[in-house]
Amino acid sequence: FIAFIFWMHFEKPPQIYKSQTNFVPPFELSIVNVNRVGLINVSRESVFNVFLTMITSESLQEKVFLEGDFFSKLNINFESVSDQKLAIKKFTSKLILEEAVIWNPDLKDEYQEAFLDKVDSHYERPYSLSIEGYDANALVDYLDLLFIAANNKIRAHFIQLISEKIKYRLD
């Protein structure tokens with residue numbers, strides 16, 4: 001009994017980590033470069049919406065999880081394919097995409113709205129993609145790989161769109 005109390009007293013619960021990446025819509029120069037070809041005309045908002053759609057895509061999240069070998073990084077064992085799918089779903093369900101909160105802790109509540117209006121008029125609010133779990137390195141790696149994969153998919157999407165327009169003009 002004393003050993004159990006001793007163990008309970010000194011046993012630390014597992015540490016939960018949060019990994020987060022922040023990003024903003026693409027710069028105007030990037031959009032000018034995409035539109036320079038003259039075959040498509042996209043806006044910052046449309047490009048960013050495609051990016052948000054891709055980064056929240058369950059199929060892309062699953063692909064990154066599998067290709068990044070996160071089963072071994074997170075020491076997850078599974079018995080069947082359905083267990084594998086369930087483990088991936090459980091991990092990716094912890095992803096949270098939200099507009100980053102900007103708050104000045106030095107201001108009283110009644111001045112916060114004026115502060116936010118000033119910030120909104122001068123800066124774009126970043127978006128935040130975060131995830132919580134027990135392995136900090138794996139969380140950081142996963143967000144990095146997901147972000148890179150979404151960027152690569154959006155690049156491929158617009159290259160394909162331009163290629164189809166060129167093919168249509170040649171036919």
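**Ground rules**

I'm working from a predicted model, where local features need pLDDT of at least 70, side-chain atom pairs count only at pLDDT 80 or more, and totals for chains, interfaces and linings use all residues. Residues are numbered from 1 along each chain as its sequence is written, and side-chain values use heavy atoms, with hydrogens and water left out.

**Overall layout**

I found 8 helices and 3 strands in the chain. These are DSSP runs numbered from the N terminus, with helices as H or I of at least four residues and strands as E of at least two. Along the sequence I read the pattern α-β-α-α-α-α-α-β-α-β-α. Of the 171 residues, 29% count as buried (under 20% relative accessible area; exposed is over 50%, partly exposed in between, with a 1.4 Å probe and protein chains only). I also checked contacts (heavy atoms within 4.5 Å). Among those with a separation of 6 or more, residues 24 or more positions apart account for 73%.

**A87**

Buried or exposed? A87 counts as buried because its relative accessibility is 16%. Leaving out residues up to four places away in sequence, I see A87 touching F71 and I76. I also took the C-alpha separation of A87 and N77, which sit 10 residues apart along the chain, and got 9.0 Å.

**Helix 4 against helix 6**

Staying with helix 6 (residues 81-92), I looked at its packing on helix 4 (residues 58-67): the angle is about 110 degrees and the axes are 10 Å apart. The axes are lines fitted to C-alpha atoms, for helices over the stretch in contact, and angles run from 0 to 180 degrees between N-to-C directions. The two helices are therefore roughly perpendicular to each other (65 to 115 degrees; under 35 is roughly parallel, over 145 roughly antiparallel, and the rest oblique). Helix 4 puts in E58, Q61, E62, F65 and L66, while helix 6 puts in Q84, K85, I88, K89, F91 and T92.

The 3 strands make an open sheet in the order 1-3-2, with antiparallel pairing (two strands pair if DSSP finds at least two bridges between them). Strand 1 (17-23) and strand 2 (96-99) are the edges, each pairing on one side only. Ignoring direction, neighbouring strands are turned by 25 degrees against each other on average. Strand 1 and strand 3 pair over 7 bridges, and S19 stands opposite I131 in strand 3.

I then picked S130, which is in strand 3 (residues 127-133). S130 counts as buried because its relative accessibility is 2%. Apart from neighbours within four places in sequence, S130 is in contact with K18, S19, Q20, K94, L95, I96 and L143.

**The nonpolar core**

Which residues have the most contacts inside the largest nonpolar core? I noted F51, F65, L95, L129, Y142 and L146, in a core of 32 residues. Such a core is a set of buried Ala, Val, Leu, Ile, Met, Phe, Trp, Tyr and Cys residues joined through side-chain atoms within 4.5 Å. Helix 3 (44-55), helix 4, helix 5 (70-73), helix 6, strand 3 and helix 8 (136-170) are the elements that give two or more residues to this core. Helix 8 gives the most, with 10 residues. Last, I checked F51: beyond residues up to four places away in sequence, F51 touches F23, F147, A150, N151 and I154.
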